[in-house]
Structure formats: C-alpha cells, structure tokens
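Dear colleague,

I am passing on the structure below, together with some notes on what was found in it. Please read them alongside the coordinates.

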Amino acid sequence: MKTAFNTLNNRRVLLGVTGGIAAYKSAELTRRLQDQGADVRIVMTRSATEFITPLTMQALSRHPVHLDLLNPDTESVMGHIELARWADLILIAPASANFLARFASGHGDDLLTTVCLAAECPVAIAPAMNQAMWSKPATQDNQSILVHRGVHLLGPDSGLQACGEIGAGRLLDIDPLIERVSALFDTGKLQGRTVLITAGPTREAIDPVRFISNHSSGKQGYALAAAAADAGANVILVSGPTNLSPPERVEHVPVISAMQMHEAVQARVGDVDVFIGVAAVADYRPTLTQSQKIKKATHGKSTLTLELVENPDIIAEVAARKNKPFTVGFAAETEQLETFARKKLAQKNLDMIVANNVSNTDIGFNSDQNAITVYEQDDSLDLPMMSKRALSEKLIDRIAEHLRAKP
Ligand SMILES: Cc1cc2nc3c(=O)[nH]c(=O)nc-3n(C[C@H](O)[C@H](O)[C@H](O)COP(=O)(O)O)c2cc1C
C-alpha cells in the first residue's frame, strides 16, 4: 500500500548494505521502499554478506545483487559507473563505522565505495553501530566530513542496542527512515503534472537532399525535460533533429519539420498542464518541396529564387486554446532583448517568456551554458550565466510556483 510518502514513486534507489548487525533490517527496508514505488537495486559489501545473504536481497529486490568491483562479468553488465548513473539516490543503510571511514577518506577499494565516488546523484547514509563506536572522535569526524560534503545523514537513533548497551547508534526505525528518504525527493514540485516541451531545430525540405534549418542544438530543451522529469512531472519531449539522447523517463517524440512538430503538439497538448516551447521552429518553409534534387542551372543563370510560406505558429496556437496550459515561450534575440521578448509575451498571450541574447557566442544555441531573463506580465527575473541544467531547475521552480498559485 502506498502512503503519503510517494515521492519515491518511480525513483531508483541503490541500496548499499554494509557489515553490521542491523543488515537484516535492509531486507524490510527494500520491501518498504518498493511499496512506495521505488525501483531498488542492491550493492553489498563482503562483510554484509556475513550478516544477510545476497540470495535474500536478490529475491526481495528481484535483481542480482552487486558484490564485486573487479569482476569482468559484472563490470560488463552493470558496472560501477553504470550503477552510479542509474541511481537517483544511493542510500547506505546500515552504514558501518568502517564504511564511513573509507567513504570519508575517498577510498575506492570495493564496489560500494567506488560507486559512491562515481556518483553524481545524492548519497544518504544511515549509520548503525555500537554507541561507543558512534561517539568515537574518528567516527564523528568522518560523519561530519561526509555531511560537510553534502552527504545526507539519516540518524542514527538512540535507545537499546543489539549489544545490550543504551545510546546513540541504532539504525533509524524503518518508518522514519522511509520518511527521511522520501523527503530527499521532495522536489516533486511538478508531481502529477504533465509537461509538453518542444526542443531542437526543425528542418524544412527544399528537395530530397537539402533543407533550411538553424543552429539550435536542443540542449536547453533537453535539460528542461530532464529537470521537469526530476521534479516528478510526466514529460513529453517533441524534438526536431539533434545529436542528443533523450533524457530518461521522458516520452520522446522525434519530428523533422515544423509541420510535423505542429501536428505532434496538437495531438498531445489537450491534456497537459504546462507547455514549454523551446524549439527553434522555422518561421517559413519552401512553398514547394521539389521531388527531385534541384540541379545547378546550365543556362547561365546565377540566381535561384525559393518561395517560402509561413509555418503555423505552434506556441501561439497553444496559448490561444480555451483551456490553455501554462505556456512558456523562448525568445532568442540578437538585439533589443526586453522589447522583443515583452512584445512576444503580449502578442502571443504567453504566461512567461525566457529571453536569451544569442549574439554572444559563449551562450545560447550550442553552448552548455546560458544566461537568461525571464519575463512575465508584471515581473522579471535575471538568471546569470550557469549551466543549462541549473537554469532549467530554476525555471522549473518558477513554473511550479505559478502552478501552485493558480486556483
Ligand atoms: C557480530 C558483529 C557485529 C558487528 N556489528 C557492527 C555494527 O553494527 N556496526 C558497525 O559499524 N560495525 C559492526 N561490526 C564490525 C564490521 O562488521 C566490520 O568493521 C567490517 O569490516 C565492516 O565492513 P564493511 O564496512 O565493508 O561492510 C560488527 C562485527 C561483528 C563481528
């Protein structure tokens, strides 16, 4: 049964089990994380296997337990880097005193410490040990080093210990532990919302081998899709041709031309809460696409005239819908940023427009960085140069605030 903690739904939790008496509790913890909708995979230290069998953990997690670092077979299947990349959270519960020491000093001498070193996702530790071990200056220094580096410390609890002593060092009880773990994902600002994002350029065919396009790389749209998915949204990414792999947990709808993008958006926009038009959609397409490759003129003509016709204005159509989603546009401009952005905001009836100055080649289209200004009806927000991913998180926060404020 799912409880109120279902920020864990669809989350990937890599549970690290170390060698302590509380290792048996990791079996129950696995079940309870799964009850909340989490996908749980297990890494055990060699010592942990003396306390609870990998077979038990494998049966409960329904996946092979990962034990070895230097094993050619396991490295080729889901090696330490893949495990680290797979996880939304690495949770070490119970975390032994020995593990804290090795993690704090940056060891990579077994699978669990190496995965933690390779991790870019949040890492949480739930220590469990005898009260004297916990209170030792070495252990206290280690946990405080880890906390200082951004590791989340869950517990320990105080009370009667397996060794018969009383004091701080018990593994947190499962309920509070699950609650604390789910709170780590409480960025679910868009939980239950559906977000439709367009990204990349479009290609407008001139003939079978040529097209008109632009420099959009798709990076900003893909970063937004990833940030929206991380905030718990169901994300549909309608994308023109890019060299990027779609983020995980995102429904990817590949298209080529503006007309295809228009059709894909129209078919899906009815049920969405947020529409973010990041794609650099071509304003015009050739009136006629030649069915055969256009040949170089042989009769001395040095010009070729292409007639273009206007493409549908995808975002304006979305914003004109009766029950329009919260609609966010992007304006890439080379001059008069605010004037053009505010004009587009008003003319197209958008809720928000994100403007960036693409005359500076260090930011914008192909770069991994961007600096933007967000304009709304009565407000604006400057976001200085940062990674497109960091900017995306800030934009998602802002959009979520608007949705919350909506009746
Ligand atoms: C019966 C027994 C119980 C133990 N319980 C704990 C414990 O609760 N917490 C702890 O930090 N170490 C405990 N230890 C010590 C660890 O098992 C030992 O430090 C081991 O090297 C930890 O390995 P790991 O950190 O790689 O899992 C216990 C040892 C034994 C023999």
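Within the sheet, Ile90 stands opposite Val123 in S4. This is a predicted model, in which local features need pLDDT of at least 70 and side-chain atom pairs count only at pLDDT 80 or more, while totals for chains, interfaces and linings use all residues. Residues are numbered from 1 along each chain as its sequence is written, and side-chain values use heavy atoms, with hydrogens and water left out.

Strand S3 (residues 89-95) and strand S4 (residues 123-127) pair in the parallel sense over four bridges; strands here are DSSP runs of E of at least two residues, numbered from the N terminus, and two of them pair if DSSP finds at least two bridges between them. Both belong to an open sheet of five strands, paired in parallel in the order S2-S1-S3-S4-S5. Strand S2 (39-44) and strand S5 (152-153) stand at its edges with a single partner strand each, so one side of each is left without a neighbour in the sheet.
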